[in-house]
Each structure stands twice: as structure tokens, then as C-alpha cells.
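Here are my comments on the model, as numbered points. They cover the annotated segment and then the salt bridges.

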Amino acid sequence: MIPTWISVVGVVMTVLSPLLALGGVFLGSYLVRKSDRELDTWRHREETMRMVRWAVEQILDGEDNAGTDAGVVTLRSLMRSELLQPEDYDLVAALTAAVAIDRVGAAAYADIADADIEVVEGDSDNG
């Protein structure tokens with residue numbers, strides 16, 4: 001005859017082991033999703049800073065107006081983009097004000113920012 005306490009332990013272990021495994025799966029899933037969100041935020045921030053660096057270099061290079069205009073438009077577009085994290089908005093706004101407006105002038109900056117620009121890809125004949 002099997003003692004009663006062994007039967008109770010056997011039933012409890014039979015019920016609890018799948019529940020504990022399920023809890024482990026939920027915990028692992030939560031941790032992976034949290035890590036993915038943090039990684040996604042990091043990737044957005046890296047891409048944002050790469051674009052900011054490129055735009056500032058284009059504006060400060062000043063060799064041609066097309067590069068300066070491209071830099072200003074990039075900064076303006078980035079400020080309206082969902083790629084820009086809320087924590088980085090003040091930094092990009094300050095850079096835009098300091099670099100773009102001071103470099104090209106407030107009137108030119110306003111013209112570039114408000115221009116209705118159509119972006120098309122070039123072909124072999126037009127570059």
C-alpha cells in the first residue's frame with residue numbers, strides 16, 4: 001500500500017510541474033520582448049545620430065548649395081520623423097538651430113523647410 005502523503009505529493013507534482021514550466025515560458029517571453037524593445041530603441045538612436053552627423057557634415061562642408069540644402073532638409077525631416085526618439089528631440093532641434101539656421105540664414109532655412117519637394121530617383125541619363 002502506498003502512503004497517502006506520497007500520493008498527495010505525486011498529484012501535486014503532476015499538477016505543478018506543467019504550471020511551473022508555463023510560468024518559465026511566460027517569464028522568458030517577457031524578458032525577450034523587453035530586450036527586443038531596448039534593442040530597437042538603440043537601433044533607432046544609432047540611425048538617428050548617423051543621419052544627424054551626415055546632415056551636419058553636409059551643412060558645414062558648404063562647398064555646394066545642394067549638399068547644404070540636403071543637410072537642412074534631412075535635419076527638418078528627421079525632426080518630424082518617428083525615427084527620432086523623444087529623448088533626442090531637444091538635441092536635434094538645438095543642432096538644427098545652431099548649424100542650419102546660422103549657416104544658411106533664417107530666410108533660406110524657412111524656404112527649404114517649407115518647399116514642396118518631390119523626390120525622384122535618377123536614371124543613367126540624369127545621374
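Predicted model: local features only at pLDDT ≥ 70, side-chain atom pairs only at ≥ 80, totals over all residues.

1. An unreviewed UniProt entry lists residues 6-32 as "transmembrane region".

2. Three salt bridges turn up when the whole structure is searched. One of them joins Arg-45 to Glu-87, with 2.9 Å between the closest N and O atoms. Arg-45 sits in helix α1 (residues 4-61) and Glu-87 in the loop between α2 (65-80) and α3 (89-104), so this pair ties together parts that are 42 residues apart in sequence.

3. Arg-45 also forms a salt bridge with Asp-88, where the closest N and O atoms are 2.9 Å apart. This pair too links distant parts of the chain: Arg-45 belongs to helix α1, Asp-88 to the loop between α2 and α3, and 43 residues separate them.

4. Arg-45 is partly exposed, with a value of 28%.

5. Arg-50 and Glu-47 make a salt bridge through their side chains, at 2.5 Å from N to O. Both lie in helix α1, and because they are three residues apart, about one helical turn separates them. Arg-50 is partly exposed, with a relative accessible area of 44%, and Glu-47 is also partly exposed, at 30%.

Definitions and conventions. Residues numbered from 1 in each chain as written. Heavy atoms only, no water. UniProt positions renumbered as here; feature names shortened; annotations may be inferred. Salt bridge = Lys/Arg side-chain N within 4 Å of Asp/Glu carboxyl O. Helix = DSSP H or I, 4+ residues; strand = E, 2+ residues; numbered from the N terminus. Buried < 20%, exposed > 50% of the residue type's maximum accessible area, 1.4 Å probe, protein only.
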